[in-house]
Amino acid sequence: MRRTLALIAALALVASGLAQTPLKVFIGGQQRPDVIGPLLEQFNAENPDIVATFEVGGATSDVQQQYLNTVLTSRSGELDIFLIDVVRPAQYAASGWAEPLNHFFDSEAAMMAYLEDFLPGPIEANLVDGTLYALPAFTDAQFLYYRADLLEKYGFEPPTTWEELKSMALTIQQQEGDPNLQGFNYQGFQGEGTICTFLEVLWSAGGNWVDEDGNVTLVTPEAQRTMAWYEDTLASGITVPNIAEMSTDLSRQQFQAGNVVFMLNWGYAWAHFQGNSPQDTVVAGKVGVAPLPAFEGFDSATCIGGWQWAINPYSENKDAAWRLLEYLASPDSQRVLAVEASNIPARESLYTDPAVLTAAPHFGDFYDVIVNARSRPVTPFYNDVSEAIRYPMNAFFARQLSADEALQEMQRGVEEALDF
Amino acid sequence: MALTTPHAYRRPGFWRRLRTGNPTEAQLGLILLIPAALVLALVMFWPIAQVLWQSLHFERLNVPARGRPFIGFEHYQRMLWGSDMTWDARHLLGWRLLAFAGAAGLWWGAARGVLRRPTALIWTVIVVLVAGLWMGYHPGEAGRWNDARFWNAFSITLLITVASVAGSFLVGLPLALLANVESRWRWLVRIALLIPWAMPRVLVGVMFAWLFNYTNGVVNDLLGRAGIAGPLWLSRAEPAMWAANITIVWATSAFVGLILLAGLQSIDESLYEAAMVDGASRLQRFWAITLPLLRPSIAVALIFRTLTAIQTFDIPYAMTQGGPGRALETLGIYVSNTTNSLNLGYAAALAVALFVMSLAITVLYLRWIYADD
């Protein structure tokens with residue numbers, strides 16, 4: 001009798017194992033496992049034939065990517081779905097590291113109709129030569145954070161030009177008389193944030209890293225103007241001299257401690273400032289968000305950020321993975337991510353969604369910035385291009401390269417990275 | 001009964017001895033070694049062979065269309081001498097020729113029996129590396145004629161090795177001597193020896209990056225109280241090098257101290273007593289007894305410390321990710337960055353360079369240790 005029972009139990013186990021497709025999702029520690037977990041549980045409840053679980057690794061874009069490099073280089077199907085940074089789809093397409101998604105749609109037209117609701121920026125990144133490699137999970141951009149209380153005290157409106165920013169910062173610094181108060185904080189460290197530091201000002205001077213014919217254009221008057229502006233931030237004293245060690249999160253912490261008037265940073269900083277943070281905040285309710293300033297006569301521009309869901313091409317359960325992908329990219333899931341994790345939605349419709357706007361009223365302010373966000377270089381050699389820009393920039397902030405040397409080094413480095 | 005010639009004694013054969021369960025000691029040793037040798041071959045020699053093989057291939061994962069063709073020594077050529085020499089680098093040709101001539105001379109010496117072969121090999125490696133270092137040290141003139149970044153990483157690695165190994169001995173030896181003194185506080189010194197050694201290096205790096213932070217760091221706060229304006233530790237090349245070395249010394253002198261402490265405790269007390277009877281001063285006892293008897297421990301600590309120094313990655317990476325600029329980009333960090341750019345072939349060649357450096361140093365040390373034999 002006991003043996004029969006054991007046999008039945010074993011059979012039941014085998015049967016359930018056969019009937020249920022296991023799916024493994026990979027996310028980073030920064031992408032709120034506490035919110036993704038319940039989302040997957042709900043998916044499992046709605047889809048009894050699938051068991052989705054998740055794995056967490058790495059807390060920065062670079063570290064997450066290093067883990068995925070290892071998994072995908074060994075052609076492992078251990079992970080079925082993963083989150084990738086918005087700068088990655090082109091490289092994933094070239095390496096064959098993301099399953100093309102076109103064949104999950106009935107037709108090309110059906111796909112384009114499905115993508116209609118998403119913001120154009122992330123879709124542009126995920127569509128490589130007409131092939132869709134990932135779906136946006138959430139988006140991001142760099143914003144100009146400012147101390148609304150200080151600006152109000154001195155009767156300033158958020159600046160629209162870099163010159164305005166400088167004079168406001170100088171005035172506030174002088175009037176406040178606090179030697180620890182920084183006028184303008186941005187990222188100058190050896191990392192991903194620094195490439196945006198450079199590109200955003202370059203774009204706002206009417207330049208770009210490459211022209212329409214694909215020639216690298218980094219030794220140009222626009223680029224020189226960019227470097228002159230950063231030189232000026234240091235010379236005028238609105239920026240601290242140790243900007244070469246300023247990482248994204250260090251910037252955020254200094255603003256949060258009340259030491260910064262203006263700062264460039266990503267959307268995640270907002271929730272920290274309002275108190276959802278491991279560190280104390282002295283700026284809750286005193287923070288404003290605006291589009292980045294530009295040079296007189298040019299448009300403001302910012303870097304697009306955010307994360308994408310992709311399917312592992314070595315996965316053995318791609319059909320099940322697609323169902324999960326659709327679920328994760330759905331308006332309902334993105335609403336949960338927006339409300340509970342303050343992730344900026346990649347779907348247009350959510351910017352007018354009452355639930356989202358109640359939980360995160362600032363998303364209304366974010367929208368204008370986000371739709372105008374521009375892509376960092378879209379290339380399979382992103383790592384090399386990024387390195388070729390951030391290294392001279394960091395060396396410039398560390399006073400190892402002059403502005404001209406830094407630009408020449410960038411030009412040479414980016415050309416070498418793309419010349420193949 | 002006829003006397004039969006006794007059977008000539010024959011040693012039982014290898015397999016027979018094995019079968020009868022009566023192996024010789026050498027056989028037993030061999031048998032017992034097999035599992036370990038297999039494991040070593042699998043986890044050490046096989047990967048090394050793989051990396052060597054990979055370094056001879058073009059392999060960029062973001063260019064799958066080009067496949068994985070065999071390209072011979074092209075990576076090494078690019079790394080050491082560059083593939084695209086421009087005429088501007090003409091005058092450097094002389095140095096290259098000199099290096100080749102030096103290496104050839106050394107080999108000729110070895111062939112004529114003037115030098116011993118291993119000595120010649122080591123000096124060849126040194127000559128080529130020093131010549132390379134000299135040639136690479138023209139950052140302003142670099143066109144695309146060599147991988148200036150490799151030579152930068154190479155000299156950064158050498159600098160960190162020399163400075164941090166010397167530093168960890170300067171701190172580690174006094175620590176060991178202190179821990180060896182009978183005192184009520186000995187436990188405290190021993191704990192101080194153990195803690196930095198037990199801490200994960202990345203954590204040490206992050207911690208010291210905070211200490212050295214220009215605006216909020218403890219170091220500059222203390223300096224400020226003493227009336228000294230602290231430098232921009234992690235935002236300028238030279239102070240960053242100091243900061244990294246101080247951190248590495250802090251983290252590694254404990255290891256040196258522990259090994260030297262073990263050596264100190266094995267020194268016979270009666271030697272000191274005899275010396276004292278003879279009226280030797282404290283310093284004389286240290287020079288004549290402690291240091292010479294400590295030599296094997298120093299050698300062991302030196303080998304392990306130097307090897308980890310050559311492979312330095314964690315602390316500079318955690319502190320500045322190799323920055324500012326490339327001021328702390330060691331070979332280890334360069335290998336990692338190249339791997340992350342998915343250029344696996346070139347990364348393998350860089351890893352081989354790192355391996356050759358470690359090997360050369362180990363051989364040099366081993367020869368020094370066994371110099372008396």
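# Exercises on a predicted two-chain model

The contact between the chains takes 27 residues from chain A and 22 residues from chain B, two residues being in contact if their C-beta atoms, placed from the backbone, lie within 7 Å. This is a predicted model, in which local features need pLDDT of at least 70, side-chain atom pairs count only at pLDDT 80 or more, and totals for chains, interfaces and linings use all residues. Residues are numbered from 1 along each chain as its sequence is written, while chains are lettered from A and ligands numbered from 1 in the order in which they are written.

**Exercise 1.** Describe the side of chain A that touches chain B.

Step 1. Helix 3 (61-73), helix 4 (89-95) and helix 17 (382-397) of chain A each supply at least two residues. Helices (H or I, at least four residues) and strands (E, at least two) are DSSP runs, numbered from the N terminus.

Step 2. Helix 17 of chain A gives the largest share, six residues.

Step 3. By class, this side has 11 nonpolar, 12 polar and four charged residues. Here Ala, Val, Leu, Ile, Met, Phe, Trp, Tyr, Cys and Pro count as nonpolar, Asp, Glu, Lys and Arg as charged, and the others, Gly among them, as polar.

**Exercise 2.** Which residues of helix 2 of chain A are buried, and where do they lie on the helix?

Step 1. A:Ile36, A:Leu39 and A:Leu40 are buried. A residue is buried if 20 or more other C-beta atoms lie within 10 Å of its own, exposed if 12 or fewer, and partly exposed in between, with C-beta atoms placed from the backbone.

Step 2. Seen down the axis of helix 2 of chain A, the buried residues fall within an arc of 95°, so they line one face of the helix. The arc is that of the directions from the helix axis to the C-beta atoms.

Step 3. The face turned away from the buried side carries the exposed residues A:Asp34, A:Pro38, A:Glu41 and A:Ala45.
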